[in-house]
Every structure is written in structure tokens, then in C-alpha cells.
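Please open the model in your viewer and keep the selection tool at hand.

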Amino acid sequence: MKKLFVSLFIIFTSPVLYAQQQGKADMDLQQIWSGHFDERKYVVHLMNQSPHFAWIQTDTGSGPQVILSLDFNTTRIVDTLFSNQVKGETDSLPTTFTYFQDFSFSPDDSKILVHTQIEPFYTISEKAFNYVWDINKKILRVVSANGKQLYPSFSPDSKQLAYIFSGNLYILDIEKNTTVPVTVDGVPGQFLYGMADALYENGFGMTKAYEWSPDGNYIAMLRFNENAVKTYPLTLYERPYAEVRDQRYPLAGEMVPDVKVFVYDVANKIFIPVDVGINPDQYITGIRWSPDNKTLYVQRLSRNQKKLELLKADVITGKTTVVYTEEKPDNYVRTYPDNISFIKEGKSFLWKSEKDGYTHLYEISADVAKVTPITGGKWEVLEIKAVDDTRNELYYTSNEPGSRQKQLYKINYDGSGKTKLTTGTGYHDIWISNDKRFFFDEYSSLNKPPVYQVISTVDKGQKKLIENKELNDRLRDFKIPNAYFFTVAANDSTTMNGWIIRPYNHTRGKLPLILYVYGGSTHQEVLDKWSDKFTLTMRWLANQGYAVACIDPRGTPGKGEAFRKMNYNAPGDIEIEDILKVKAYLARNYRVDSSNVAVMGWSYGGYLAALAQTKYAGRFKAAVAIAPVTNWRFYESVYAERLLSMPSENAERYKNASPVSFADNYKSGLFLVHGTADDNVHLQNSMELSKQLTNAMKSNFEQHFYTDKTHNLSDGTPNILRMTLYTRISEFLKRELK
């Protein structure tokens, strides 16, 4: 289901408003992380059978919530689809239903799945209590009272609902209000059905691991056998006796989950095993039904991630044949779990691949697997947004105008007639109406908050819905410096993207420099996109008397395969080389003090910060390493082996890439930060670096551990944890960058 968060500004009453009358006011961390500059979030979804979209409207005064629908053509409200003031036909008074945070539509739009009490599960996923609202019959049913569910999805005929609970797959018959367990032996940490485990979610971005067939007669699912995977203990300190939770976590070189594929015959309650081979040392990275309901496509990736095979399975027999293969013997194949979009009534499908150096779209015929390129060039396709078989057209987003941007295009299946549909330099998040005549555009840029508008795909006519005028007015009342883009030539003549912020009241003197970096292969930090809390925090930090810069070194996505894989087999070295290059560039062009530079990063960026003060000690005055990987042997198999292969094959490179190996080099200026319950980059990483520094007689480093906090180091709104985190960082930098 398509989902976005549309935003309106919240108007607050604050003592700062009086100060604004005297001139621009200073912003502070409490304002940023308590919501003073927040936008009001509206959850919006597109409907499946009509050119309408719907959103949650909340009366903040009295509390009632409703789901309203709006027509793309007129941009007028046409219906109230649901209210938390539920009143049945025989009820005299409405019953107040619980507060709800999200919703989704059934395929025929006759029912709404209402999501309540949502909480995080793993890194991306969320679990919730769910309710089905029948719009016509005005009946509200709970999906399950046994506990929160994961990944609920309607059957194609909208009569049934599948969901995951406690590792098992269930089907709810909505009309009969009866539930049937499809699997019964699922147990978290042992067997998981229809859901990816933490390794797959972190490593491949896979979450939901089941799919209804187009006719609803079958469900294809993955089964994760985690029994051979070693457990890692996570300690929680909430009780007098600390609680230890065991987490299945395959470190680099260790056993990974054994994943099988099954097709479930819903009517006959029969499981058909799909032949994916007998090798448990492999990954199943995606499944997709063919429109003929007879064929299931399965992506199979070798453990070393150098070979990706697309299997074509007969759902009656489970027999498979390999119909397409991609190989990268010199590094690894990039995978896309949501790959395959069928076109031409199922005779072909779209396939995303970077086999020619950049992520592009290809047409693969379903019968003979003939591969035909549709897009091409030194830029990247980001998403397939819609296909239109009646006009032989597809809609996709790409960064063709520049690697910091995201724009919407339309193109014919044969690659002709490419048309750019969005206007305005920056970042466009897009949702396309079911009839392909309109799209909803959330448009922002680095220094401008989002504008929300409806645009015609036919004549590009625009209707602005929300311009965030109040937010822009509020921002103008504070001393908020702009960020400015720059590019730097890397040593191999490629260019790196960056932005820099200087204090609002900048003098002509040289400034200490803070270089923020992520640097990992899955995420770009330097985008022409509004990012409120993080970038406002960096602007606040600049106002403390620094130049604050952010860069995407080689090893990050957005600029093609060669750029992203530059650090293969040697992570850290290329990125530090690029950081040093940026440091020198900024000293020459932006009057920063090259002897007073700190590196700051989180996760992979924290790894680079730790490496900067150990392996590259003396090159930077200070470093803030938040949740860093310090030994690649301590990290999970998918990511570590993608960069460094198996430890048994590459022990010396593992050692050479890990900060713990260079503790003897350390001089000064390191601040280690970690959550004690981090289930992604375990606390062990920071503890081991701390131990090695101590063993090397190094006492001049600082460390702080946040009790019971996970990788995100966040605690909602007001976000006290983030306020204290950045306060500590600011105090550390004031001491070090003198």
C-alpha cells in the first residue's frame, strides 16, 4: 500500500515569540527536539479503485479522528470513510474507538485496515494492533486479540486478511470472522514463516516475506530456520536482576538462516515446497507471483553474493528452472528484494539491475528471458512508481539531473518518449493515482521545507495543497543558517557531493571544522532534500562557532556501481582518503582551520570516525564515533561479507579494516557513544575498542553509554535522549577544537 506523511505546521505558543519582535532569535536543542520546529504529520494513502486519496484528520482539541477522502480532479473532500466515534446501526450513541496512527485500503476499497499502538520491530518493520472497518456495513472487527501483528495484507478479493503473529502466518476470513492458522510450528528465534528475520531486514531491506497469488488461491512464503544461527546476548537493566535477551545474530563467517520457499494452497490447505536447492549457505532475496497464477519467481543469491539467479517455479510441482543470472566475480551483485514488475499482461517483466554500471530498467520476456534495456546513462533509476499496460508506459523516479536529486519520469516500454514530469530542482517523493492521470508530489530541497501538490501527468497542471507558509515564517524568525552544496574531485577524478553550513553571524576568521559522514553503501547523506531535526541540529551546531560539513565519499550509492564499490575489500581507507581530500578543499576555499577538524558519524560513519583516530591518528583533532563498528568480525554476515568476503578467506583484510587493530596508534580526541541494547551494531564493538585503548595505556578518550537504548538512540517527543546526546557532543567539541 502506498503511504506518505503529509505535513502541516503546528503553531505553538512560546516565550520565544516575544524575543522575535526584538529581532531574530537563537534556536536551541530543546526547541528542535521538543517539536518547536516540527510539522504536523498527516498520514495519507492513495485509494486503489478511484482517483482519490485519503488521510487522517485529528481534532487536537476534542480528540475525534476521521479518515477523509479527497478527489484528485477537484482537490475537494468527497467523503468521511471512518471515524473513531464508531456508531452501529442499532447504537443510540457512538463508542469512542482507540486513537489510531495509520491505515490501509483493501484492493476494492470496501474495507479499511486501521493500525493502532504501532511500535518498532527490528530496524524497518512495525507491529500493531489492527482492526478491519467495513465501510458499507459499518462494522469494525479486531484482527486478533492475542497480540500485535506484523505485515497484514488483504487477499486480492478483499474477503480475507493474512498476517504474521509470533512467527506464524494466519488467515482471517473477514465475513465469517474466523481465523485459521496456516502454520503452527513458528517460534521466534527458531522458525519464522512469511517474515524476514533481522539479518535479512538489515542486510537486504526485506521485511514481509509472503505474497498472495493474483487470484488469491495461493500464498507463497519464506520459512526461516534460525536454529543453526548462534545467539547474541543483549542485556537490559530495567529490573533488579538484569534481563538477558538472546538474539539470533550470524556474525561474519558464521552459519546463516536456512531459508526455504513454500506455496500454500488456501482452499486445500496443502503446502508445496519450492525447489531452491539443498545448500543452506545461500540467501533467498525476493519472491514474486506471475499474473498467470501458475508461476512464482524466486531470487537466489550465493553466500558470497557474487551470483544472483532468478528461478521460475511451477506452483503445482514446486520444480524450478534458472531463467536469468547475474554474476559479479570481482565483487558482488546488488539485489533489489522488490524487483520484478509485470508488463504486457505478464508476457514480460521489468527488472532493476546495475549490470551495466548504473541502476537501470530492463525488460525481460517471461518465456525466453530475452533482456532489453529500457533506460540507460550515467545516472540511477531509484523506483518504479507505476506501469500502464493500456498505453505501454511506465513511471519511475531517478537522479538523472544530478545525484542529489529525485525526479519523476514517464517513458514508453521500448525506451522512447522519455518525459520529465516534475519541476523544481530538489527531491520529489511521488504517489501516482490509480488511473495514472495525477500524482501527489512532496517536494523539498536542502533549505526549503516540503510543498505538497497534485500534478496532472497529462498537462502538468499543478494544484498546491500545502505550502508550509507558517513553517517558513517561523524559520525566518530564527538565526538559521543556510547549507550550501559543494563538490570535490576525488583522487580518481570522480566527484564527491557535500554541503557546508557556517554560523549565522559568520565573521571572516577561520573556523574549526566538523565533518559529518555516513559513508556506507546503502544510504546517501547529501541530498537536496529537507531534513528537519538532523539538519537543524547541524545548523545549531554551526551557530556554536563551527563550519559543519557533510560529505558522501566513495563507497556511497547514487553515482553508479564503480563509485559505490570503490571500497570493496578495503573499507575505510578510501573513505578516509576522501575525508582528508575534503578537509584540504574546505581549508582552501571556505577558510576553515585545517588543524582544528573533527570527524563525526553514526553506525558506518561512527566506524569511520573511530578509524580516523586510530589507523589515521594525528590527521584529525577529534572524532565522535556513535554506535561504531570497530571490528568487522563482530558485525553481521551479509554486510561484512559483502565488503570483505569470508573471514577465513580474508583474515588480514578484516584486521586491516578494523579500528581495534590500531589502538596503539591513538593519540587523543575520541568520544565513543553507544546504546547498551543496540541490536544492530552491538555494544561489544565500543567495549572492545575501549579495552584495547586501555591495554595500550591510552586514557585520554571519552565514552558514554546510553542504558537500554538501541541503535537509533531515540526516545520519542520530546526527545530528551537526543538533546542530551548533542549537548554532550557539543561540550566535547568545545574542549577539543580550541
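Begin by selecting Lys385 and Glu383 in this predicted model. Their side chains meet in a salt bridge, with an N to O distance of 3.8 Å. How exposed are the two partners? Lys385 has a relative accessible area of 22% and is therefore partly exposed; Glu383, at 27%, also counts as partly exposed.

Next, select Glu175 and Lys137. These residues form a salt bridge in which the closest N and O atoms lie 2.9 Å apart. The pair connects distant parts of the chain, 38 residues apart. Glu175 lies in the loop between strand E14 (168-173) and strand E15 (178-181), while Lys137 lies in the loop between strand E10 (126-134) and strand E11 (139-142). Glu175 has a relative accessibility of 38% and so counts as partly exposed. For Lys137 the value is 43%, which also means partly exposed.

Now move to Lys615 and Asp573. Here the closest N and O atoms of the salt bridge are 2.8 Å apart. Which elements does this pair link? Lys615 belongs to the loop between helix H8 (604-613) and strand E44 (622-626), and Asp573 belongs to helix H7 (residues 573-589). The two residues are 42 residues apart, so that distant parts of the chain are again linked by a pair. Are Lys615 and Asp573 buried or exposed? Both Lys615 and Asp573 are buried, that is, under 20% relative accessible area.

Over the whole structure, a search finds 34 salt bridges. Side chains of opposite charge can pair when their charged atoms come close.

Finally, display the strands E27, E28, E29 and E30. They make up an open sheet of four strands, in the order E27-E28-E29-E30, with antiparallel pairing. Which strands stand at the edges? Strand E27 (341-343) and strand E30 (371-373) do; each has a single partner strand, so one side of each is left without a neighbour in the sheet. From one strand to the next, the twist averages 35°.

To end, zoom in on E27 and its partner. Three bridges join E27 to strand E28 (residues 348-353), and the two run antiparallel. Within this pairing, select Ile343, which stands opposite Ser348 in E28.

Notes. Residues are numbered from 1 along each chain as its sequence is written. This is a predicted model: local features need pLDDT of at least 70, side-chain atom pairs count only at pLDDT 80 or more; totals for chains, interfaces and linings use all residues. Side-chain values use heavy atoms; hydrogens and water are left out. A salt bridge is a side-chain nitrogen of Lys or Arg within 4 Å of a carboxyl oxygen of Asp or Glu. Buried means under 20% relative accessible area, exposed over 50%, partly exposed in between (1.4 Å probe, protein chains only). Two strands pair if DSSP finds at least two bridges between them. Axes are lines fitted to C-alpha atoms, for helices over the stretch in contact, and angles run from 0 to 180 degrees between N-to-C directions.
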